[in-house]
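Thanks for coming. Please have the sequence and the model open.

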Amino acid sequence: MRIRLDPWPVDTQDGQLTLKPFAGLVFNAETEAWAAIAPRDLPARLRRVLVVDGKPRMEARLLLDDEAGGLSLAGFGAFVAGAVDLCPHGSRQAELLEVAAQRVLAYSNEGSAAVKAERLSPRNPHTGRLEYTPHVFTGSQLEGAKSKVQRLMLDAEAALSHQLASALPLDEHDPNALPDTLVLQDGPVRIGGAGRAVLGYVKTLHTDYLGADRIGLLGTLKPGERTPVLRFRVGDQGDGQGSEGREQRFTWYVRLCDPPFYQHPLAGVMRLEMHAPEDSDFVPRGVLDIANLSGRLLCKLASVPHKDARAPQNLIPTAALEQAMGRAMGSAELVTRRIRSHLARELGRIEVGEAVA
């Protein structure tokens, strides 16, 4: 027995490696030969790469009561979805886009209290006003508000990716299919976003799409090399049911760096994902072109351990974007103070009004 290290720190939400077997079917899409494919140079046609990510945050758990004495759960939260705009050839400086916080008052649909937007006006006007827009969630679960903020963030992230990415022809032989603008989206691509040049990058290997007979190739990949492109259906449970109407995906793996000998052999490997046309038995030329350049591009953007604990998968632009999004949401401690002060003033006015009446 040999013990190997998972490179990600234990205080992250998840480790880098889990490898729960995928229950459904995975098909060869590019070739029947299961072997490493060498990276290719970045083509001049690709002029713009945007890295899109989002960040949610819960700021307070709330309890709403109505005039009849009914209680329901709610929460104040915030999220940001933004992008880093960069030139893959290094001819211009990177630029932050759309990094602005949105605040949410998430409440349960099982309550009957009237819910309106909450505006937290500061005593010092230079610190800005916080406005929480109401959004309802279904049920009365304790984590319902948090899940709602997360869903709003994912929807904003998907909309931004779709807005920024070039259209992607799904023809098999179009020589001009490679877009000039490619979006790298943190996490899997979203349902309903087909037809755009959006490449999802999955930093953790929590699902095994390869099986015992194929996963060994990942440990032998050299930096920049990739696996052949595979195809699977989202939500496929392997029972012939449950996958009806769910979208198809292309997926492949790339290696960003060689791991130290004491880390597990899949350290430094990332899974990539793009939309696949329904019932296709080929890889569109645009998808194949993106797969061919993905290794070279991601090796350029990969982080290093002495700068990022989640290296190399947490890309350099992603880390910069995370910092900018944190600044956009402001200090969690100061926001919590603002919320407490606001609610204390509002409840004080209500109690004074009731006493006068």
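Helix H4 covers residues 316-329, which is 14 residues, and its first and last C-alpha atoms are 21 Å apart. Helices here are DSSP runs of H or I with at least four residues, strands are runs of E with at least two, and both are numbered from the N terminus.

A word on the source: this is a predicted model, in which local features need pLDDT of at least 70 and side-chain atom pairs count only at pLDDT 80 or more, while totals for chains, interfaces and linings use all residues. Residues are numbered from 1 along each chain as its sequence is written, and side-chain values use heavy atoms, with hydrogens and water left out.

Which residues of H4 are buried? They are Pro 317, Thr 318, Ala 319, Leu 321, Glu 322, Ala 324, Met 325 and Met 329. Buried means under 20% relative accessible area, exposed means over 50%, and partly exposed is in between, with a 1.4 Å probe and protein chains only. Just after H4 comes Gly 330, with a positive phi of about 85°.

Next, the loop between H3 and H4, which is where Pro 312 sits. The peptide bond from Ala 311 to Pro 312 is cis, and its omega is near -5°. Most peptide bonds are trans, and most residues other than glycine have a negative phi.

Leu 19 is at about 65°, and Glu 98 is at about 60°. Leu 19 belongs to strand E1, residues 17-21, and counts as partly exposed because its relative accessibility is 26%. Glu 98 is in the loop between strand E5 (95-97) and strand E6 (102-108).

Back to helices, with H3, residues 285-301. Its 17 residues should span 24 Å at 1.5 Å a residue, and the end C-alpha atoms are 24 Å apart, so the two agree. H3 also has a kink of about 45° centred on Ser 294. That bend is the angle between two fitted axes, one for the seven residues ending at a residue and one for the seven starting there. How many of the 17 residues in H3 are buried? The count is 12, so the helix is mostly covered. Among them are Gly 286, Asp 289, Asn 292 and Ser 294 itself.

H1 runs over residues 144-164, 21 residues in all, and reaches 30 Å between its first and last C-alpha, close to the expected 30 Å. Its buried residues include Val 149, Leu 152, Glu 157 and Leu 164. What covers the buried residues of H1? The cover includes strands E3 (48-65), E4 (71-86), E6, E8 (130-137), E9 (181-186) and E10 (198-202).

Last, the whole chain. There are five helices and 14 strands, and the C-alpha atoms fill a box of roughly 80 × 50 × 50 Å along the principal axes. Of the 357 residues, 46% are buried. Taking contacts as heavy atoms within 4.5 Å, residues 24 or more positions apart make up 72% of those with a separation of 6 or more.

That is the chain. Questions, please.

Methods
Expected span 1.5 Å × (residues − 1).
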